[in-house]
Amino acid sequence: MTKKGYPILLSIFIFFIFASCATTTRNIGFVDADREVTERNYLSAVEQLNTTGKENPYRDKDQVLKYLDTGILYHMAEKHKESIESFNEAERLIQENFTKSITDAGTSFLLNDYTLEYFGESYEDLYLNIFKAIDFIRLDNFDSAFVEIRRLTDKLNLLEDKYGNMAHSMNSSKDAQGTIKAGKTEFHNSALARYFGILLYRADNRRDSAAIDLAKLKEAFRNQPNVYNFPPPKNLDKMLEGTNKARINVVAFTGRSPIKKASSLRITTLENLILITQEKEDDQGRMILTDLTPIPFFGVTGGYNFKTQTPEMVRRPSRISKIQVSVNGVPSGGLELIEKLDEVAIETFNLRKGMIFFKTVIRTVTKGILTKQTTKAANNAAANAGGVVQVLSFLGGIALTAAVDSSEQADLRSARYFPGQAYVGEFWVEPGEHIITVDYYNKSNILLYRKVFAPGNYVPGKLYILPSYDLQ
């Protein structure tokens, strides 16, 4: 190659990297939709999310997110058929994109996850089945609701194998050096799913099956203390008792699912070894050193320094402290916490957290060394040419390094409007017409939101589930 060709080659390389860089200004396109959600104008929020052209907040690679977000918004707006359609499409794409990621894991090892099609977090894939089950129950389609609950249970049973297969595929890349391993999870049994199983079996007069799910619900609390770090609802056994009264089951979802924040990594190479220092933001927004990790890395030489980011899942505390239910204006009791969806989100994220970490580190080191070697070669050639060529090469090297750093931003994608906690309660009433009210209070006992259900005629032996939502 001629000396004049080096700046051109460098410019092309710079353009290619900049073109593939991820932008994490993820909130800008959602401002209007977020405002509508805050005001509980869920259908208006859907309209904002379904805009086309430059106003569309989703990239082509983010279609799973679009269907998760619109699905939960339709669900909260009680547009159950539209909710099911959106969640069906999200579930289909999650399976399709994950399968593709397994197939391409070895060849796409050096690509930032943000440049790939999003295949959803495990908790998103699990809980969409809960929301679909509620949709079907509200449409009096109990058979389909059963299918959704069983599907969630099946997904849980396969969760560790799912990410184990991904790790195996990633290790097929020579760059991985066999370092990629899937994590473990304690979460194998959802109390919330078991609760719905009890209700559906009871409504179908399958008492033995309902009793099995009740036992499994209690087992979830006993055997999974990391996820269920709170007492189970009281009087669960009463759910299987006979009564001549009508039963009303209120299910309330509160708060927001976790968000992902970037955790900064600084990488230093030694001979066949890399050192990683990790920094995270504290409550005051200051970056503090949290970890120092040495990793054997055969073939690497010393003297290189890089920086990159990995995603960290962070809870969003809910303002809701107490939920009270009234029947015809008379206080009838409170709802009890049955599942922390945000805790499940973090627990299941641990299955691939280490995989993301090692993939990010290896990718950063490999790309970084290649970049520095390319820049060095170009600078050496330009030095012989001197003058403008040398200046352009120097500036190009700076731009190339900046481009690589920019391309190593963390993938912070996740569903925006999934709730963070689930509460339940069963209320026995005399047969007839009743008005059910659900009140949400903060820690200071200040009423934050009141949901009043339309008058309903309740009769014994039927299944009545009243879902309520406050994402505060």
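Visitor: Is the crossing of α4 and α5 left-handed or right-handed?

Guide: This is a predicted model, and in it α4 and α5 form a left-handed crossing.

Visitor: At what angle do helix α4 and helix α5 pack?

Guide: Helix α4, residues 63-76, packs against helix α5, residues 80-104, at about 155°, and their axes lie 8 Å apart. Angles over 145 degrees count as roughly antiparallel, and α4 is therefore roughly antiparallel to α5.

Visitor: Which residues of α4 and α5 meet?

Guide: From α4, the residues are Q63, V64, Y67, L68, T70, G71, I72, Y74 and H75. Their partners in α5 are H80, E82, S83, S86, F87, E89, A90, L93, I94 and N97.

Visitor: How do the axes of helix α8 and helix α9 cross?

Guide: Helix α8 spans residues 191-203 and helix α9 spans residues 207-223; their axes come within 8 Å and cross at roughly 165°. The two helices, α8 and α9, are therefore roughly antiparallel to each other. The crossing in which α8 passes α9 is left-handed.

Visitor: Which residues make the contact of α8 with α9?

Guide: On the α8 side they are A191, R194, Y195, G197, I198, Y201 and R202. On the α9 side they are R207, S209, A210, D213, L214, K216, L217, A220 and F221.

Visitor: How many residues of the contact of α8 with α9 are nonpolar, polar and charged?

Guide: The contact of α8 with α9 has nine nonpolar residues, two polar ones and five charged ones.

Notes
Residues are numbered from 1 along each chain as its sequence is written. This is a predicted model: local features need pLDDT of at least 70, side-chain atom pairs count only at pLDDT 80 or more; totals for chains, interfaces and linings use all residues. Side-chain values use heavy atoms; hydrogens and water are left out. Axes are lines fitted to C-alpha atoms, for helices over the stretch in contact, and angles run from 0 to 180 degrees between N-to-C directions. Helices (H or I, at least four residues) and strands (E, at least two) are DSSP runs, numbered from the N terminus. Angles under 35 degrees count as roughly parallel, over 145 as roughly antiparallel, 65 to 115 as roughly perpendicular and the rest as oblique. A crossing is left-handed if the near helix is turned anticlockwise from the far one by less than a right angle, and right-handed if clockwise. Contact means heavy atoms within 4.5 Å. Ala, Val, Leu, Ile, Met, Phe, Trp, Tyr, Cys and Pro count as nonpolar, Asp, Glu, Lys and Arg as charged, and the others, Gly among them, as polar.
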